[in-house]
Amino acid sequence: MPITLKRVGKQDQALFDDVAPDVFDGPIHKERLARYVAIPQNLMVLALAGQQVIGQITGVEIHHPDEEHELYIGNLGVTPAFQRQGIARRLMHALLAWGLERGCAPVWVATETYNSPAQALYRSFARPQTMYVYDWNLPKK
């Protein structure tokens, strides 16, 4: 079965009814998905085997008042049964093309130090930078 790529829009929420295991970090919440696709700066490309989502990449177009707008790659996942077939690379190329069409110049992504497959993929596109990443949760109301 051929693998097709699809840029996600507001009209594509039904595609998320059949998602293969481990494509996303957790389950899809319909209300979160609706909010995500409603924001034009949020970009997502799906890899489909028939009607099943077997891979995804997300990005955010970030605008600045003093710099070119940039593309942040937020998440990339391919179900284990379809890994090592070039799908992640195809997803990267599709998201980068979309960012370029939207006028993004700088692109950046962060990954965990233990995630060797992600590091190898991203290293094939750019050289790594040394930086610190800080993350925390805001208190819930």
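Predicted model: local features only at pLDDT ≥ 70, side-chain atom pairs only at ≥ 80, totals over all residues.
**Exercise 1.** Find which residues of α2 are buried, and what they pack against.

*Solution.* Begin by listing residues under 20% relative accessible area. In α2 these buried residues are Ile87, Leu91, Met92, Ala94, Leu95, Trp98 and Gly99. They cover an arc of only 165° around the axis, so they sit on the same side of α2. Next, look for their partners: the buried residues of α2 pack against β1 (3-7), β2 (42-49), β3 (52-62), β4 (70-78) and α3. Finally, turn to the face away from the buried side, which carries the exposed residues Leu100 and Glu101. Following α2 comes Gly103, with a positive phi near 90°.

**Exercise 2.** Decide whether Glu68 is buried or exposed, and find its contacts beyond four places in sequence.

*Solution.* First locate Glu68 in the loop between β3 and β4. Its relative accessible area is 51%; exposed means over 50%, so Glu68 is exposed. Setting aside neighbours within four places in sequence, Glu68 is in contact with Ala105 and Pro106.

**Exercise 3.** Identify the nonpolar surface patch that includes Tyr132.

*Solution.* Tyr132 lies in the segment after α3 (116-123) and is exposed, with a relative accessible area of 71%. Together with Tyr134, Trp136 and Leu138, Tyr132 forms a nonpolar patch with about 680 Å² of accessible area.

Note on methods. Residues numbered from 1 in each chain as written. Heavy atoms only, no water. Patch = residues over 30% accessible without salt bridge, like charges linked within 9 Å, V, L, I, M, F, W, Y side chains within 5 Å. Areas by Shrake-Rupley, 256 points an atom, 1.4 Å probe, with all protein chains shown as cover. Salt bridge = Lys/Arg side-chain N within 4 Å of Asp/Glu carboxyl O. Helix = DSSP H or I, 4+ residues; strand = E, 2+ residues; numbered from the N terminus. Buried < 20%, exposed > 50% of the residue type's maximum accessible area, 1.4 Å probe, protein only. Arc of directions from axis to C-beta. Contact = heavy atoms within 4.5 Å.
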